[in-house]
Amino acid sequence: MHHALLVDEILLNILAALREADAPYSQLNAVARTCHFLSPLALDFLWSELPDVRPLLQYIKPRMPNDPHISVPSASFQCAAFRVRKLSCPALAYSDTHSQIALTEQLRLLSMMGITTSLFPNLRQLSWTDTDQSRYVYIQLFLSPTLESLELDFFFHKPPDFPFLTLLPKLCPNLRSMSISKHPVISLSGDGGPSAVRTICRLPRLTTLECKSSTISEEDILHLSQLKSLMTLSLGIPSWVSSDRGSSAPHSSGAAKDRADRLWFCNLHNLHLRAFSIPIITSFLEPGCRSLQSVVFDISEAPTTASLTECFSTLNSSHIECSAMSSIKVRDSLSNATLGVSQLLPDSQVITVDVFKPLFAFTKLRVFDLGVCLSFSLGDSDLTAMASSWPELEVFCLNEGRGWHLSASHPRPSITVRGLQSLCALCPRLYQIAIVLNALDLFLPCPTTSPFSRRDTVLVHNLAVTRLSLGDSRLANPQDVASALSSIFPRLKRISAWQYPLDTLPESRYYHRLWEEVNNILQQRLKRDIT
């Protein structure tokens, strides 16, 4: 054996590279059988992350078939289970009857064995995706005090019974992350006992909770808001939150609501909300989420300019330390259904720079992504004002891939290449940009004086941006556009414009062809620079 293999760091890196490069793990299997020295470490890598529990359950064979109650897991099972750090139970195809029956039988035998200690003493992450409700009871076999992350992903429309939930605080006292997906009800319990949410609130170290439920009860969300350890929350806001400016706890007793308002998600840093409309999200924010650092708002209905402004104002007013906010994403789900029409929206549905002004206080903002079915009316000076407020911006997307509806009063976007130049000068960390550009009246980049600075803004080069998303931007001369953009972005490789669903518009074919010419010119420039 080479002496280098005696260095733990070198050997571990070699084994890690083998695992990443070989999905079937045949090479790790070979290493495990090479010698006694390499075998334990190779087996650790082989069993540490199991994408399917069934290979492990193959070791479950009762020693006494006539009396499985007194059987114990085999030594091979125990050795393998000791090495497991991350375990998944994937969904099986309904048509695969043999596998369904075999899995149920193996879990049943495992549950009937004489087990006095944890089956998986080193398990950290458990993901359970199942298609058979009768197997839920066996999840308890996999719970251990070392478990830190639990993901439950079920494919049922009715609320299943989780008999193990009430035991979670005792069985998994170190659980830090929990995810309940594809499961519409987490507030109801089948036996009339404590709901899933109240049980979750008893986990002392829980920092992350993701649930795609839309029917959580009002009382339960009040309990959840008092969980001081919670730092990351992903939640579908239920229908009982009224969109007519009702409070997030409109029917609670006065004492309960006062207590909730004082401690409303007091330590929450990352928030992902899904709701029908933006006013519902505003209602959720009104009690004040004071320590937020990142927010994602997914809505079904297109907002109005007024409702979006109110939401941003509420987000601003609820913060004590505005410099903590680093990421804001707001997107609706109507892009494919409504952007494929060539109609002008009224001015009442036009986004101007005034909508963004409440967010100017978040001076440390790094990500801003807005995708809504509204019209945009922004000019170079507006873009400069936004960039001046967010100097650390890294991602700036306004309706990426969706275009800007043209308003009746502003039938042409007024952001030019010079505005794009100012954006890059004021936000040197930008690496992703999605806007709509007026490339018809082309003004070549040149040093300009910013109204927010006494110094001249020199022509800067952004080397991080290699792709631009320009939506339904119009252009006239591909050569001039390519020259202007490559002078700002020397490493620019490709521009995405007039993609789906914008390709359904009458003029899409013409402008898409012109932008493809720009892409060809950019590729030729890059090849020439390399040679």
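Start by selecting helix α11 (residues 278-285) and helix α12 (residues 305-317), whose axes come within 9 Å and cross at roughly 15°. The model on screen is predicted. Angles under 35 degrees count as roughly parallel, and α11 and α12 are therefore roughly parallel to each other. In passing α12, α11 makes a left-handed crossing. To see the contact, show the side chains of I278, P279, I281, T282 and L285 on α11, then S307, L308, E310, C311, T314 and L315 on α12. Coloured by class, the contact of α11 with α12 shows seven nonpolar, three polar and one charged residues.

The axes of α1 and α3 come within 10 Å, with a crossing angle of roughly 40°. Are these two helices roughly parallel or oblique to each other? Roughly parallel needs an angle under 35 degrees; α1 and α3 are therefore oblique. The crossing of α1 past α3 is right-handed. On the α1 side, select L11, L12, L15, A16 and R19; they meet L41, A42, F45 and S48 in α3. The class count for the contact of α1 with α3 is seven nonpolar, one polar and one charged residues.

Now move to F265, in the loop between α10 (254-262) and β8 (270-275). Look at the backbone here: F265 has a positive phi of about 45°, although it is not a glycine. Most residues other than glycine have a negative phi, and most peptide bonds are trans.

The next stop concerns a peptide bond. Select Y500 and P501, which are joined by a cis peptide bond with omega of about 5°. Where is P501 found? The loop between β21 (494-497) and α18 holds P501.

Helix α17 spans residues 478-488 and helix α18 spans residues 508-530; their axes come within 9 Å and cross at roughly 50°. α17 and α18 are therefore oblique to each other. Their crossing is right-handed. From α17, the contact takes in P478, Q479, V481, A482, S483, L485 and S486. From α18, the partners are L514, W515, E517, V518, I521, L522 and R525. By class, the contact of α17 with α18 has nine nonpolar, three polar and two charged residues.

The last stop is the largest pocket. Rolling a probe the size of a water molecule over the atoms shows where empty space is left. The volume of the largest pocket is about 240 Å³.

Notes:
Residues numbered from 1 in each chain as written. Predicted model: local features only at pLDDT ≥ 70, side-chain atom pairs only at ≥ 80, totals over all residues. Heavy atoms only, no water. 1 Å grid on protein atoms, 1.4 Å probe; cavity = no way out; pocket = protein on both sides within 12 Å on 5 of 7 lines; lining within 4 Å. Points joined across faces, edges and corners; volume = space filled by probe spheres on them. Axes fitted to C-alpha atoms, helices over the stretch in contact; angles between N-to-C directions. Helix = DSSP H or I, 4+ residues; strand = E, 2+ residues; numbered from the N terminus. Parallel < 35°, antiparallel > 145°, perpendicular 65-115°, else oblique. Left-handed = near helix turned anticlockwise from the far one by under 90°. Contact = heavy atoms within 4.5 Å. Nonpolar A, V, L, I, M, F, W, Y, C, P; charged D, E, K, R; others polar.
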